[in-house]
Amino acid sequence: MSVFISILSILLFALCWFMIIKKLVWSKYAPVKTVKAEVFDKYKTDTVSRIQGTFKRERYIVVFATKDKKLSFNVPEFSYGNYKIKDKGTLKYKGNQIISFR
């Protein structure tokens with residue numbers, strides 16, 4: 001039984017690392033896409049570190065609506081205020097990063 005738990009733990013650990021590496025590689029080598037979009041929503045969230053317990057970090061998220069789907073991106077605090085709900089334009093992005101919105 002303990003061998004089974006050990007093997008399962010190793011497999012879960014490897015799967016987690018695989019998913020993290022896949023996301024990093026996908027983001028780096030993703031094609032640049034350009035779509036017509038509208039700022040659908042924007043919000044801030046607080047993230048508390050599990051390791052340190054009291055460390056809080058705010059994340060700024062902007063959600064765009066395209067004709068096919070909704071896309072959400074983390075944006076820096078200094079650019080968060082530039083996005084206004086219902087603004088329309090051309091969104092250029094690569095993976096999970098915004099290149100431009102005009």
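1. Let's start with Y83. Leaving out residues up to four places away in sequence, Y83 touches V39, K42, V62, F64, V75, I98 and F101; contact here means heavy atoms within 4.5 Å. Please keep in mind that this is a predicted model, in which local features need pLDDT of at least 70, side-chain atom pairs count only at pLDDT 80 or more, and totals for chains, interfaces and linings use all residues. Residues are numbered from 1 along each chain as its sequence is written, and side-chain values use heavy atoms, with hydrogens and water left out.

2. Y83 also has a place in the core. The largest nonpolar core holds 13 residues, and those with the most contacts inside it are V62, F64, Y83, L91 and F101. A nonpolar core is a set of buried Ala, Val, Leu, Ile, Met, Phe, Trp, Tyr and Cys residues joined through side-chain atoms within 4.5 Å. Two or more residues of this core come from each of β1 (32-48), β2 (56-65), β3 (70-75) and β4 (88-94). Buried means under 20% relative accessible area, exposed over 50%, and partly exposed in between, with a 1.4 Å probe and protein chains only.

3. Now for the overall layout. The protein has 2 helices and 5 strands, and along the sequence they follow the pattern α-β-β-β-α-β-β. The radius of gyration is 18 Å, well over the 13 Å that the globule rule gives for 102 residues, so the protein is more spread out than a compact globule. That radius is taken over C-alpha atoms, and the globule rule is 2.2 Å times the number of residues to the power 0.38. Helices (H or I, at least four residues) and strands (E, at least two) are DSSP runs, numbered from the N terminus. Along its principal axes, the C-alpha trace spans about 60 × 35 × 20 Å.

4. Of the 102 residues, 23% count as buried. Among contacts with a separation of 6 or more, 48% are between residues 24 or more positions apart.

5. V63 is worth a look in strand β2. Is V63 buried or exposed? V63 is buried, with a relative accessible area of 11%. Not counting residues up to four places away in sequence, V63 touches E38, V39, F40, D41, Y43, K70, L71 and S72.

6. S100 belongs to strand β5 (residues 97-101). This serine is buried, at a relative accessible area of 16%. Which residues does S100 contact, leaving aside its neighbours within four places in sequence? They are T90, L91 and K92.

7. K86 deserves a check of its backbone. The residue is found in the loop between α2 (77-80) and β4, and K86 is exposed, with a relative accessible area of 63%. Phi of K86 is near 80°, a positive value in a residue other than glycine. Most residues other than glycine have a negative phi.

8. Finally, turn to Y29 in helix α1 (residues 2-29). Y29 counts as exposed, at 63% relative accessibility. How far apart in space are Y29 and G95, C-alpha to C-alpha? The distance is 7.9 Å, although the two are 66 residues apart in sequence.
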